[in-house]
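Please consider the sequence and the structure shown below. The paragraphs that follow lead through selected features in turn.

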Amino acid sequence: MTADRGDAPHVRHLLGAYVLDALSAEETGPVSRHLQRCDACAAAYVEVADAVSLLALLDEEDLLE
């Protein structure tokens, strides 16, 4: 992985949907390719994926407290 060369827009705004597999097929490919070459977005992806994993451990009562 290398630093983003600026040839494509960053994808941070799509990472939540990407982690949840909620992007269209047309969006998934470009996001995946961008993550392979942009260290900053790849690091943000890991943070979002970790957060989603932690949220899965909570139940409704936990969220209402």
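**Cysteines, helices and surface patches**

The sulfur of Cys38 has its closest cysteine sulfur in Cys41, and because the two are 3.7 Å apart, they are too far from each other for a bond. A disulfide is defined here as a pair of cysteine sulfur atoms within 2.5 Å. Seen from Cys41, the closest cysteine sulfur is that of Cys38, again at 3.7 Å and too far for a bond. By this rule, the count of disulfides is zero. Cys38 has 1% relative accessibility and therefore counts as buried, and Cys41, at 0%, counts as buried too. Buried means under 20% relative accessible area, exposed means over 50%, and partly exposed lies in between, with a 1.4 Å probe and protein chains only.

This is a predicted model, in which local features need pLDDT of at least 70 and side-chain atom pairs count only at pLDDT 80 or more, while totals for chains, interfaces and linings use all residues. Residues are numbered from 1 along each chain as its sequence is written, and side-chain values use heavy atoms, with hydrogens and water left out.

The protein chain has four helices and zero strands, in the pattern α-α-α-α along the sequence. Helices (H or I, at least four residues) and strands (E, at least two) are DSSP runs, numbered from the N terminus. Of the 65 residues in the chain, 25% count as buried.

Asp21 is located in the loop between helix H1 (15-19) and helix H2 (25-37). Its phi is near 55°, a positive value in a residue other than glycine. Most residues other than glycine have a negative phi. At 66% relative accessibility, Asp21 counts as exposed.

Helix H3 contains Asp50, which counts as partly exposed because its relative accessibility is 45%. Asp50 and Val19 are 31 residues apart along the chain, and their C-alpha atoms are separated by 9.7 Å.

Two surface patches remain to be described. Patches are made of residues with over 30% relative accessible area and no salt bridge, where like charges are joined within 9 Å and nonpolar side chains (Val, Leu, Ile, Met, Phe, Trp, Tyr) within 5 Å. Accessible areas come from the Shrake-Rupley method with a 1.4 Å probe, and for residues only the protein chains shown count as cover. A salt bridge is a side-chain nitrogen of Lys or Arg within 4 Å of a carboxyl oxygen of Asp or Glu.

Leu55, Leu58 and Leu63 make a nonpolar patch of about 300 Å². Leu63 belongs to helix H4 (residues 60-64) and counts as exposed because its relative accessibility is 57%.

A negative patch is formed by Asp59, Glu60, Glu61, Asp62 and Glu65. Asp and Glu count as negative, and the place of a charge is CG of Asp or CD of Glu. Asp59 lies in the loop between helix H3 (39-55) and H4; at 42% relative accessibility, Asp59 counts as partly exposed.
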